[in-house]
Amino acid sequence: MITTEKYQEKFYQLWEELAKRFGRDPEHIAFELLNEVTDKSFIDNWNRIADTCVERIRQYAPETLIFIGSYNNNAADAVYALNPPHDENIVYNMHCYDPLKFTHQGAYWTDAINKEDRFTFEESGCNEEYFENLFASAINKAKENNVPLYCGEYGVIDVVSPEDTVKWLKCIHSVFEKHGIGRAIWSYKEMDFGISDGRLDNVRNDILQLL
């Protein structure tokens with residue numbers, strides 16, 4: 001889709017139909033154009049596609065929030081590469097599973113880590129300064145363009161102990177709160193990221209207070 005005009009047009013038409021159907025309820029419904037653009041080489045095309053798509057959506061959904069993420073799977077440090085917003089109802093969207101060696105330890109679906117390695121929170125290298133540095137360029141980009149910043153995915157795999165899960169969440173949430181970053185925790189059970197699992201019962205209240 002990123003490089004083929006025929007598929008780009010299908011993408012626009014799909015969003016026009018979604019906007020016609022759901023664009024009348026901006027208080028309860030928001031749109032995310034595309035989940036996790038991959039390679040950095042796509043960013044120029046993606047910015048152009050996103051701009052065009054927003055223009056076509058706005059014919060039917062002028063006030064609906066539209067979330068737009070950048071390359072490297074919505075990486076926080078790639079938000080800087082997004083275009084200025086089309087209008088006041090655009091939100092910059094990022095995902096955060098950093099450091100991957102901690103949040104995805106044991107994951108069988110990625111080659112980015114050694115799935116046999118195990119790390120405690122203390123061994124992960126995480127602290128508030130870590131996330132401040134990671135989010136700095138995204139925060140600056142959002143401020144520069146007066147755009148809300150949102151973390152649409154974040155979380156920890158169930159291989160991590162409940163206690164260390166809470167430590168990571170507290171750490172990243174402190175930075176979210178400081179900078180007014182909205183968020184939605186990833187809770188997909190089929191990929192071992194469930195947050196309603198019984199294993200978390202003893203720390204449930206701690207997690208709920210953060211969310």
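**Exercise 1.** Is the crossing of helix 6 and helix 7 left-handed or right-handed? Determine also how the pair is oriented and which residues make the contact.

*Solution.* The model is a predicted one, and in it the crossing of helix 6 with helix 7 is right-handed. Helix 6 spans residues 128–144 and helix 7 spans residues 162–179, and they pack at an angle of about 40° with their axes 10 Å apart. Angles under 35 degrees count as roughly parallel and those from 65 to 115 as roughly perpendicular, and the two helices are therefore oblique to each other. On the side of helix 6 the contact is made by Glu-128, Phe-131, Glu-132, Phe-135 and Ile-139, while the residues of helix 7 include Trp-168, Cys-171, Ile-172 and Phe-176. Sorted by class, the contact residues are 8 nonpolar, 2 polar and 3 charged.

**Exercise 2.** Describe the packing of helix 1 and helix 2 in terms of angle, axis distance and handedness.

*Solution.* Helix 1 (residues 5–22) packs with helix 2 (residues 43–57) at an angle of about 35°, their axes being 9 Å apart. The crossing of helix 1 and helix 2 is right-handed. Among the contact residues are Phe-11, Tyr-12 and Trp-15 of helix 1, together with Trp-46, Ile-49 and Arg-56 of helix 2. This contact comprises 8 nonpolar, 3 polar and 4 charged residues.

**Exercise 3.** Characterise the largest pocket by its volume and its lining.

*Solution.* The largest pocket holds about 570 Å³ of space. Of its 20 lining residues, Glu-36, Asn-73, Tyr-97, Leu-100 and His-104 are the closest to the centre. Helix 3 (71–74) and strand 3 (90–96) each supply at least two residues of this lining, whose classes are 10 nonpolar, 6 polar and 4 charged.

Definitions and conventions:
Residues numbered from 1 in each chain as written. Predicted model: local features only at pLDDT ≥ 70, side-chain atom pairs only at ≥ 80, totals over all residues. Heavy atoms only, no water. Axes fitted to C-alpha atoms, helices over the stretch in contact; angles between N-to-C directions. Helix = DSSP H or I, 4+ residues; strand = E, 2+ residues; numbered from the N terminus. Parallel < 35°, antiparallel > 145°, perpendicular 65-115°, else oblique. Left-handed = near helix turned anticlockwise from the far one by under 90°. Contact = heavy atoms within 4.5 Å. Nonpolar A, V, L, I, M, F, W, Y, C, P; charged D, E, K, R; others polar. 1 Å grid on protein atoms, 1.4 Å probe; cavity = no way out; pocket = protein on both sides within 12 Å on 5 of 7 lines; lining within 4 Å. Points joined across faces, edges and corners; volume = space filled by probe spheres on them.
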